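Subject: Structure for you to look at

Hello,

Here is the structure I promised to pass on. Please open it next to this email and follow along.

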Amino acid sequence: MNIDLLLPTSLSEIPLSRYQEFIEMKEASNDDEFIAQKMIQIFCGIKLSETRKIKMKDLNDLIVHFTRVFNEKPKLIRQFKIKNIQFGFIPKLDEITFGEYVDLENHLQNWKNYHKAMAVMYRPITDKNGYNYSIRDYEPNEDMQDLMKFAPLDVAISSSLFFLTLGNELLSLTINYLQKELKTMISSSNIANAKISPSNGDGTIASMHLLQEILPSLTKLQNTDLLNVSPISPLKNKKTKLKQTKLNNK
């Protein structure tokens, strides 16, 4: 039986909402077969029941295909379009408002709310001159947040990788700076033959350790493996949180 599939060939052909749906499902299940079938249903636009009619070899070929697609690591995409609206990334991050900062901090924590973070990072372009452009002032807007669910996934992933890289670089620089300051402080104290108490420099050391602990947590937005779906083996034992009867729904 032939099944018509809308097979995306790149992240740019997948809307953010599809990926959010996939992540939500994947976090609720550890059944490899169910995850693979839902992946094909979500990204190929077919009914879940139709995935059962796909040959095992073809299903694994699809898993390999999507693994290749999700291995893309796009650089920051500063401009894109939804319908007839041209959106631009915040031109100068060092000039963001307190409201932008707070909302970004809240919405960049997980993919479930990433469309809300997108509505902060990308806003309609109001003026453009070559590579330079201005964007609309930020105001929280549910309609704009919902519109961002249709943003191409390569745009969303490019911005997440950008902030992860930026965060890692800034924290690394801060750690290096604190280490140098600590050495300088201790060296100066020794030169002056000053008595160094056990607590001298504790605040600096604590800050340094805290930053070292925070650094790995920045990878929570799937910095390396965005898909992580394994090929299916007919002999594989199944573990599941979701009942198999869900395959007959939707």
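**Two helices side by side**

Helix α1 passes helix α2 in a right-handed crossing. Keep in mind that this is a predicted model. Helix α1 covers residues 16–27, and helix α2 covers residues 32–44. Their axes come within 10 Å and cross at roughly 165 degrees. How do α1 and α2 run relative to each other? An angle over 145 degrees counts as roughly antiparallel, and α1 and α2 are therefore roughly antiparallel to each other.

Now look at who touches whom. From α1, the contact uses Arg18, Tyr19, Glu21, Phe22, Met25 and Lys26. From α2, it uses Phe34, Ile35, Lys38, Met39, Ile42 and Phe43. Sorted by class, this contact of α1 with α2 has eight nonpolar residues, four charged ones and no polar ones.

An α-helix has 3.6 residues a turn, so residues three or four places apart point the same way.

**The whole protein**

Step back for a moment. The protein has 250 residues, and 39% of them count as buried. Its secondary structure comes to eight helices and four strands. Read from the N terminus, the order of elements is α-α-α-β-β-α-α-β-β-α-α-α. Next, take the contacts between residues at least 6 apart in sequence. Of these, 74% join residues at least 24 apart.

**The sheet**

The four strands form an open sheet. Their order is β1-β2-β3-β4, and the pairing is antiparallel. Which strands sit at the edges? They are β1 (79–82) and β4 (132–135), and each pairs on one side only. On average, neighbouring strands of this sheet are turned by 55 degrees against each other, direction ignored.

Go through the pairs in order:

- β1 and β2 are antiparallel and pair over four bridges. Phe80 stands opposite Phe87 in β2.
- β2 and β3 are antiparallel and pair over three bridges. Phe89 stands opposite Tyr122 in β3. Gly88 stands opposite Arg123 in β3.
- β3 (residues 122–129) and β4 run antiparallel and are joined by four bridges. Lys128 has Tyr133 in β4 as its bridge partner. Asn129 stands opposite Asn132 in β4.

**Two hairpins**

Start with the hairpin of β1 and β2. It has two residues between the strands. Lys83 is found in this loop between β1 and β2. Its phi is near 55 degrees, a positive value in a residue other than glycine. Is Lys83 buried or exposed? The cut-off for exposed is over 50% relative accessible area. Lys83 has 71% relative accessibility, so it counts as exposed.

The hairpin of β3 and β4 also has two residues between the strands. Here Gly130 takes a positive phi, near 65 degrees.

**A helix across the sheet**

Find helix α5, residues 114–121. It lies across β1, β2 (85–89) and β3. Relative to β3, helix α5 runs at about 20 degrees.

Which residues of α5 are buried? They are Tyr114, His115, Ala117, Met118, Ala119, Val120 and Met121. That makes seven of the eight residues of α5, so the helix is largely enclosed by the rest of the structure.

Finish with Met144. It is found in helix α6, residues 142–147.

What does Met144 touch, apart from its neighbours within four places in sequence? It is in contact with Phe87, Ala119, Pro124 and Arg136. Take Ala119, which is one of the buried residues of α5. Ala119 and Met144 are 25 residues apart along the chain. Their C-alpha atoms are separated by 6.2 Å.

**Where to start**

Begin with the right-handed crossing of α1 and α2. Then trace the sheet in the order β1-β2-β3-β4. After that, find α5 lying across β1, β2 and β3. End at Met144 in α6.

Best wishes

How values were computed:
Residues numbered from 1 in each chain as written. Predicted model: local features only at pLDDT ≥ 70, side-chain atom pairs only at ≥ 80, totals over all residues. Heavy atoms only, no water. Axes fitted to C-alpha atoms, helices over the stretch in contact; angles between N-to-C directions. Parallel < 35°, antiparallel > 145°, perpendicular 65-115°, else oblique. Left-handed = near helix turned anticlockwise from the far one by under 90°. Contact = heavy atoms within 4.5 Å. Nonpolar A, V, L, I, M, F, W, Y, C, P; charged D, E, K, R; others polar. Pairing = 2+ DSSP bridges. Buried < 20%, exposed > 50% of the residue type's maximum accessible area, 1.4 Å probe, protein only.
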